[in-house]
2 protein chains.
Amino acid sequence: MSKILSHRTVRVLAIAGATASFALAACGGDETPPPAMPAPAGSTTVVPAAPVASAAPVAPPPAADQPLTDEGMWLTNDFPADKVAKQYGFTPTQEWLDHVRLSSVRLAGGCSGSLVSANGLVMTNHHCAHSCIEQLSNAKKDFVKEGFFAKTGNDEVKCPEIEVNQLTGIDDVSARVQDATKGLADKALNDAQRAVTATIEKECATGDNVRCDVVNLYHGGRYHLYKYRRYQDVRLVFAPEIDIAFFGGDPDNFNFPRFDLDVSFLRVYDGGKPLAPKDYLKWSEAGAKDGELTFVSGHPGRTSRQLTVAQLEFERDYALPRRLFDLDSYEGTITQFMKEGPEKRRVAEPELFYVQNSIKALEGEREALVDAEFLHAKAHAEHELREKAESTPELAQYKDAWKELARIQGEKAALQPRFDALSWHSSLFGIARGLVRAADELPKPNDKRLDEFGDARIPGTKQRLFSAAPVSAELETLKLSRDFVRMRQLLGADDPVVKKVLGKDDAYELAAKLVKGTKLADVKVRKALFDGGAAAVSASTDPLIQLAKLVDADARAVRTQWEEHIVSPEKKFGEEVARAKFAIYGTHVYPDATFSLRLSYGHVAGWMENGKQVPAFTTFGGAFDRATGKPPFELPKSWIAAKSKLDLSTPFDMATTNDIIGGNSGSPMVNKNAEVVGLIFDGNIHSLGGEYGFEPKNNRAVAVTSVALTEALGKVYGATRVVDELKGKK
Amino acid sequence: MSKILSHRTVRVLAIAGATASFALAACGGDETPPPAMPAPAGSTTVVPAAPVASAAPVAPPPAADQPLTDEGMWLTNDFPADKVAKQYGFTPTQEWLDHVRLSSVRLAGGCSGSLVSANGLVMTNHHCAHSCIEQLSNAKKDFVKEGFFAKTGNDEVKCPEIEVNQLTGIDDVSARVQDATKGLADKALNDAQRAVTATIEKECATGDNVRCDVVNLYHGGRYHLYKYRRYQDVRLVFAPEIDIAFFGGDPDNFNFPRFDLDVSFLRVYDGGKPLAPKDYLKWSEAGAKDGELTFVSGHPGRTSRQLTVAQLEFERDYALPRRLFDLDSYEGTITQFMKEGPEKRRVAEPELFYVQNSIKALEGEREALVDAEFLHAKAHAEHELREKAESTPELAQYKDAWKELARIQGEKAALQPRFDALSWHSSLFGIARGLVRAADELPKPNDKRLDEFGDARIPGTKQRLFSAAPVSAELETLKLSRDFVRMRQLLGADDPVVKKVLGKDDAYELAAKLVKGTKLADVKVRKALFDGGAAAVSASTDPLIQLAKLVDADARAVRTQWEEHIVSPEKKFGEEVARAKFAIYGTHVYPDATFSLRLSYGHVAGWMENGKQVPAFTTFGGAFDRATGKPPFELPKSWIAAKSKLDLSTPFDMATTNDIIGGNSGSPMVNKNAEVVGLIFDGNIHSLGGEYGFEPKNNRAVAVTSVALTEALGKVYGATRVVDELKGKK
């Protein structure tokens, strides 16, 4: 796998929460926006310039910033149909584009999906529904291990936290946002931007089933209002065993050849009945051939292709290593925790999955940034841009933007440890923080609230606060104790907030006591506190509520500092760089990814690795050859049993040149007839540097073929009702 | 703590083995020289230049390479007595220098110490004897937790693995080494160097109690033959409880103010009787005052102050992050492992200690390298040196050295994963590999053997192979399974050596089976295999011996490649840089540290931190104030009980400006009368960048005061026989 928002996943693991168990550390925040709305690309990630490098004289191009063959995550309302026509002889019409858009959905937690039947069937990845599958499991019935198939509609079970969004309309609100923030800086800019965004979103969100997000494109070059139909009644229909969904496990992750059936089917319900969508994707029974044109319609989470060299150096030296150190340590902890018994293994398994996936993704990104050639090309392009900007009178106003961005990286490096120290991973603490802040925020006018409590965002926040997902006390204790230890590591034992939290306690004992004492695992208790507002929260003797109150002033202070001194100015100067760039290179470029809908085009293709051709397709037979009978190369019993029935030459997974990134997980891959030929679930190892730039020779998207999906559903799982539905026979 | 070879510790944790449990991954090697002889500074650590940065135009100095006040780890036979005289009004005579040298000892595992009585009493840190204290403990009696005091000489217990070396003579063998390698490169250079070194060392080592090391100084500028008296009968006399030796634990490590009694006393025995050394240090009952001149005589393990910018960039981007990722993951694993029960806690505690210490040390080094100013200064100095070298006709021969070193970094980055993948941490596997290689190597002529099997080095190798240190099967399983997983991560599941080792097995199950099946925990079995040579090893059905044989060709291949393509050329071009530098700046500089005896001078001094003065001394009273009653701030019962008897104003720990680094752990700090005023056990956080350069304003060494030592020994522990011995009353 695993094109869940790669960066996001981690930011999310570290701070916000794309998965159930992390969900509320988010609106615990001190930090980036809540999970459903990733930070504007480039505004939250980026640190201090090594003057040595950034002042470097620059040598000849590879123009890393200019789109190359198949590069691009394009807006569906600004799609380069002419380029596609020229290269592939097919021109997508606006009707075609609209149909594909309306058939695509976003999973608010950080994935993509598609409507694939007249009865609201949604196709996405197994790893995108993983938390749901785990939440529906218990010590007696483990659907992660055993798979899940609802034999009838009545057997379909509601996922506690999955929200599906369908993009129904796009409005350009650039003028309104830009007018509201004109000439402002720092806190004033931040406040004005929050206010205008909240107002626009609230006007648009006419009910709980409408979700509206103001999307920052081109780093402030444009602001679009994305209006979604929001569905929160989403039920699990089918999921295979994890052993085949994630065959090869961490060793094979981000590698190819692959042999994964990384799929799950969900169904959207509306008013208690299956949704009957006007638009949905038809199925291609033939699949795609080598070289065939393919489109991917999905929600790439974030790219940072416009970052300046100083910002890239911050990523390389601070942001990525710091996150990786934390994730590596957590990976070690959970791995050992899982050895302590089958139930511990079961509850921690999704965590391990996300952590290992994030480590691999971030390490891939780091490897791109330590590649001297890559940074060299970036430095060259930047040098050229700055020279042009300086020699163009009307762009003179932007000439200090690069220097300012470099300066901000230094501040970011200094502030980040405190910011991280007060962003905790514990789910129960995240809920406590969310309840404490809800009591504080909701009485305020809409435009003065923290982002996640804006009227337009409350449904998402409530879904996370009131999630019925079970909570493992042991895992929570582990996570909370790690939060405490990390805070002490980052701030030192003598910091007042550390003393206030830990007192004379041992970190682990304190965490155990708090988790044992809290009643927040009970959703009813959370609802009572939420509905009771400030009075109820203030009267609460729940130890986690009390802890959340104890640290809230400190956590809010660093969040404010972060937003005003880092996020706002970085956004402002990033926008200046973007404007200079548009003025010089025109608008025939795509915006950085922002977890909003994009369409990429490409074709089925392998690549050369160490002088050898990697074929574009694998087969079912290859999976049986690779199987060892032991994890992570253990085929499920269902596959062993079905082997004789299967056509072993069936194409299993395939590689294409589509430009995708984390968040594209679960995206449909379609042919020119808008029929499903595949299901994106990963990229190869070379795709990871795609965060910072597209490398056309080796960057490949990885998908399950449509042929493999129906062959396995029918012959391995006997899920003919799903196959018939996909093929339109029902 | 913890000036154990910081870099080394890790290299050691990762590859070689300064501690008991890691000892033989070493002569398992594929890797750097064995523990007792750290790699020549600069030859093994260093990677790919970001051309962007290294081609940078360079701006005005801070001349990072020029010695500043108190900077320097000086040779005792080339000490700048005149500088000291000028600055402090005291001129150490050669007699003074010889006395201090002969009173200093090296602990072969990676620490320093000193002879402090007429009866062979050796003072070092608790953390330097930690592995011994743990090895003498068992499930019933935990000396780490409870401390140890031998009431009489008969109660002193032999440490399984501690070797003490006293430097008795130094010869300059530069001409002989340089003649033997003149004009050679790569494999030929490597072979010739190994041959001449082995020959010189063998001629010198006239018996098992003589240890001879050819020490590479000034990166090949000089080669000195260090002749040591080797003592392997070393017994434990006194160690306090770890709670006071390492009070404040990981949070306070490398920080100051500190309140640690990080001491242990050992005794060297010779012929079964306490040694009666001619030279030993007298005790200062008054200790040192603020501003007073202090000398530190010890064995700094390694500095890399001469690395080129390209090499520093390799450290920053590859070497340090890769090691830290591995260590962080291991730290998480052991932390959780230790929660599984008191016995697991006990056996893994020393590992955690070394791992956390290494993480902090390496992260401190990394922080220095991502500091733009620091690298900027290095780039400036390098630019100046290169310009001078290019414009000096007789130095023209060296002008390509920097370019070559940059090229080598790229190769190193590419080869390192394979090198690391085949360097395992399991102690039992290390022993297996050592036995397999001993059988292969010992029949060869001395000068053709792998370094660690040269005649002069066999005693050390045997001590590690036949160590009586107990082995925890659970911990070994954990380590070996991690070795397997890491190998698969680094090489991919399809690499032939990975397939050969793992077959169709699960990594953890395989490790458990191997550890359960091996008999190598029994020293007698090891001796029989060693004595039986190739025939015995070949006939052995021991599963770990078989595994070691299975991978030996691969492991040797990458070791050879590493030595010939990385170590040798890096040494060669590093020497060229060094020669150019000498030719230009003269020889009034000190060589990089090489775990050989050095003397540094300085004075007692606090420093400014965030605008506040940090005082140079802490007191006993401060420790009681800081205590919380919970780890890591829990004072032992003995201290609580003795509180009323103690003078709470006693100076406890102190900071000085001496230039030290990992390996200096346990070094005596003496006044101008050569009396002990303190015991080095740590540096502050600013000292960690000392690996790459000395920063005089904030870099501080941290020591326990002599006054604290005797006050605590007498009043807390009733160890009056030790106090009397130190004060010369016995």
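Let's start with His219(A), which counts as buried because it has 27 C-beta neighbours inside 10 Å. By buried I mean 20 or more other C-beta atoms within 10 Å of the residue's own; 12 or fewer is exposed, in between is partly exposed, and the C-beta atoms are placed from the backbone. His219(A) sits in the loop between strand 7 and strand 8 of chain A. Its phi is near 50 degrees, a positive value in a residue other than glycine. Tyr218(A) is in the loop between strand 7 and strand 8 of chain A too, and Tyr218(A) also has a positive phi, about 50 degrees, although it is not a glycine. Tyr218(A) is buried, with 23 other C-beta atoms within 10 Å.

A quick word on what we are looking at. This is a predicted model, where local features need pLDDT of at least 70 and side-chain atom pairs count only at pLDDT 80 or more, while totals for chains, interfaces and linings use all residues. Residues are numbered from 1 along each chain as its sequence is written, and chains are lettered from A and ligands numbered from 1 in the order in which they are written. When I say helix or strand, I mean DSSP runs numbered from the N terminus: H or I of at least four residues for helices, E of at least two for strands.

Now to helix 9 of chain A, residues 186-204. What span should we expect from its 19 residues? At 1.5 Å a residue the answer is 27 Å, and the end C-alpha atoms are 27 Å apart, which agrees. The expected span here is 1.5 Å times one less than the number of residues. The buried residues of this helix include Leu189(A), Gln193(A), Val196(A), Ile200(A) and Cys204(A). Remember that an α-helix has 3.6 residues a turn, so residues three or four places apart point the same way. And what covers the buried residues of helix 9 of chain A? The cover includes strand 7 (210-217) and strand 8 (222-231), together with helix 8 (174-181) and helix 22 (543-585) of chain A.

On to helix pairs. Helix 18 (residues 473-491) and helix 20 (residues 507-517) of chain A have axes 8 Å apart and pack at about 135 degrees. Axes are lines fitted to C-alpha atoms, for helices over the stretch in contact, and angles run from 0 to 180 degrees between N-to-C directions. Helix 18 and helix 20 of chain A are therefore oblique to each other. For the wording: under 35 degrees is roughly parallel, over 145 roughly antiparallel, 65 to 115 roughly perpendicular, and the rest oblique. Among the residues making the contact are Leu480(A) and Phe484(A) of helix 18 and Tyr508(A) and Leu514(A) of helix 20 of chain A; contact means C-beta atoms, placed from the backbone, within 7 Å. By class, that contact has eleven nonpolar, two polar and one charged residue. Here Ala, Val, Leu, Ile, Met, Phe, Trp, Tyr, Cys and Pro count as nonpolar, Asp, Glu, Lys and Arg as charged, and the others, Gly among them, as polar.

Over in chain B, the axes of helix 16 (residues 427-441) and helix 22 (residues 543-585) come within 8 Å and cross at roughly 65 degrees. That makes helix 16 of chain B roughly perpendicular to helix 22 of chain B. Their crossing is right-handed. Phe429(B) and Arg433(B) are among the residues on the helix 16 side, and Ile545(B) and Asp552(B) among those on the helix 22 side. By class, the contact of helix 16 with helix 22 of chain B has nine nonpolar, no polar and three charged residues.

To finish, some loops. Phe595(A) lies between helix 22 and strand 14 (598-603) of chain A, and is buried, with 27 other C-beta atoms within 10 Å. How far apart in space are Phe595(A) and Arg302(A)? They are 293 residues apart in sequence, yet 6.2 Å apart C-alpha to C-alpha.

Pro631(A) to Pro632(A) has omega near -5 degrees, and Pro632(A) is in the loop between helix 23 (620-626) and helix 24 (637-642) of chain A. Phe256(B) to Pro257(B) has omega near 5 degrees, with Pro257(B) in the loop between helix 11 (249-252) and strand 11 (264-270) of chain B.

Key. Contact = placed C-beta atoms within 7 Å. Left-handed = near helix turned anticlockwise from the far one by under 90°.
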